[in-house]
Amino acid sequence: MILFKKASDINAHLSELKRNDSSIGFVPTMGALHAGHISLINSCREKNNITVCSIFVNPTQFNDTKDFENYPSTLEEDINMLEKSGCDLLFLPDMSEIYPDGIKNTPAYDLGYLETVLEGKFRPGHFQGVCKVVHQLLQIIPCNELFIGQKDYQQCMVIKRLIESANIHSKIIICPTLREADGLAMSSRNMRLTEANRKAALQIFETLLYLKDNLSAGDLSSLLAKANAKLSSAGFKIDYVSIANADNLQLITEWDGQTKTVAVIAAFLGDVRLIDNMLLNSN
Ligand code: AMP
């Protein structure tokens, strides 16, 4: 694996490979890698000649400075995992490579409804930061395919919108969520859970399954109230438990029995914020 720190160096290297008809796949991450990230690398390797991973903890997408300061960093282990996975190139930029003109004067993105609901509502500015960093990264790394995780369901929609509106020629591949043996979605933030909270964290997955098993046409308020109660009694401080249209994230309070739905949860255990989602009536 070749490690690049300079945007101009990796861009020149990849542009040359592209001229020779190599297909380039890209997996952007914030590091503290786990098997979920590596599953994206594996999918990328299956479909592309060259697999690029980036590790950059992007300050502009953290609405909470404490969350940014506490974000785990395990660079040495990350590099070992990427080497073993067969990743070809690692881009490890610092701030000045991603934001050469600083973060103040970066453009705003029109994300419409997506920025007003769920993660958009509870993490003001988060998706602007996601768009800034992904847009920059895609200019530096001219990939044919971009691999992202369904774990961040709303983020997938935001990135789709960015790619369409900025006329970027990369195809988005959305990869399934990898889970621990008990069902907890793998996340870099899981390593910050205490032992007791790690056990309680499983209730997010259990609650998603509960919503899936009990979804029926009509008013959803009592189902959602029971889901909220399950999480609260497990010690969560809930940002949201919602059921939404899986295609556009419009919240659903009364289900018609047909619309494709997704259940989405964001909740805190201590100061660790966890998110997860599950498609309820389709796969
Ligand atoms: P992050 O490092 O959290 O920014 O995540 C980098 C990429 O990995 C994003 O596209 C995530 O959606 C994806 N990802 C995170 N957790 C998982 C998981 N458990 N399974 C699959 N993909 C994941």
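Me: Which backbone atom lies 2.8 Å from a nitrogen atom of the ligand, and in what residue?
Reply: In this predicted model, local features need pLDDT of at least 70 and side-chain atom pairs count only at pLDDT 80 or more, while totals for chains, interfaces and linings use all residues. Residues are numbered from 1 along each chain as its sequence is written, and side-chain values use heavy atoms, with hydrogens and water left out. A polar contact here is a pair of N or O atoms within 3.5 Å. The atom at 2.8 Å from the ligand nitrogen is a backbone N or O atom of leucine 178.

Me: How much of the accessible area of the ligand does the protein cover?
Reply: Accessible areas come from the Shrake-Rupley method with a 1.4 Å probe. On its own the ligand has 480 Å² of such area, and the share of it that the protein covers is 91%.

Me: Which residue has a side-chain N or O atom 2.9 Å from an oxygen atom of the ligand?
Reply: For glycine 149, a polar backbone atom lies 2.9 Å from an oxygen atom of the ligand. The side-chain N or O atom at 2.9 Å from a ligand oxygen belongs to histidine 37.

Me: How far apart do the C-alpha centres of domain 1 and domain 2 lie?
Reply: The domain bounds, which come from an automatic or database domain assignment, are 2-175 for domain 1 and 188-276 for domain 2. The distance between their C-alpha centres is 26 Å.

Me: What area is buried between domain 1 and domain 2?
Reply: Buried area is the accessible area (1.4 Å probe) that two parts lose on being put together, summed over both. Carbon and sulfur atoms give 59% of the area buried between domain 1 and domain 2, which is about 1,800 Å².

Technical notes
Polar contact = N/O pair within 3.5 Å; in protein donor to acceptor, adjacent residues only side chain to side chain.
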